[in-house]
Amino acid sequence: MKTPMTNYRRGVRAELRAISELEAAGCLCTRSAGSLGFFDVVALAKDGSVVFVQVKSGRTLSALFASALKAQTEIDTRLTEFDGGVKIEVWAWYHRWGWY
């Protein structure tokens, strides 16, 4: 019997897809499991730059955009004075279509 796909499992899949793409680009990645961290994925590039990624996934574009916008707004609000020379990105996985 198959286990039903939960929102948590969909999110984990999207995070693993992001890690796969970042690793293909030569980055060393780690994932913050269980939504315990502020960012889902942290990547270290070969050039020494650091990328913090918040991954969002959704089945409808409107819900996905709303979720990504909310995440970006929260990041902007919390990190207004942060200038550590790192990249902060929000990646959105559109169910069955890919990164958007």
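Glycine 58 stands opposite tyrosine 94, and this facing pair belongs to the place where strand β3 (residues 50-58) runs beside strand β4 (residues 87-94) in the parallel sense, with eight bridges between them. The model described here is predicted, and in it these two strands form part of an open sheet of five strands, whose order is β1-β2-β3-β4-β5 and whose pairing is mixed.

**The edges of the sheet**

- Strands β1 (28-31) and β5 (98-99) each have a single partner strand, so one side of each is left without a neighbour in the sheet.
- Strands of a sheet pair through backbone hydrogen bonds, and the pairing may be either parallel or antiparallel.

**The antiparallel pairs**

- Strand β1 is joined by four bridges to strand β2 (residues 41-44), and these two run antiparallel; here threonine 30 stands opposite valine 42 in β2.
- Strand β2 is in turn joined to β3 by four bridges, again in the antiparallel sense, with alanine 43 standing opposite valine 51 in β3.
- Between β2 and β3 lies a hairpin with five residues between the strands, in which glycine 48 takes a positive phi near 95°.

**The helix and a charged patch**

- Arginine 13 is found in helix α1, which covers residues 7-24, and arginine 13 counts as partly exposed because its relative accessibility is 44%, a value that falls between the limits of 20% for buried and 50% for exposed.
- On the surface, Arg13 gathers with Lys2, Arg9 and Arg17 in a patch of positive charge.

Key:
Residues are numbered from 1 along each chain as its sequence is written. This is a predicted model: local features need pLDDT of at least 70, side-chain atom pairs count only at pLDDT 80 or more; totals for chains, interfaces and linings use all residues. Side-chain values use heavy atoms; hydrogens and water are left out. Patches are made of residues with over 30% relative accessible area and no salt bridge: like charges are joined within 9 Å, nonpolar side chains (Val, Leu, Ile, Met, Phe, Trp, Tyr) within 5 Å. Accessible areas come from the Shrake-Rupley method with a 1.4 Å probe; for residues, only the protein chains shown count as cover. A salt bridge is a side-chain nitrogen of Lys or Arg within 4 Å of a carboxyl oxygen of Asp or Glu. Lys and Arg count as positive and Asp and Glu as negative; His and the chain ends are not counted. The place of a charge is taken as NZ of Lys, CZ of Arg, CG of Asp or CD of Glu. Buried means under 20% relative accessible area, exposed over 50%, partly exposed in between (1.4 Å probe, protein chains only). Two strands pair if DSSP finds at least two bridges between them.
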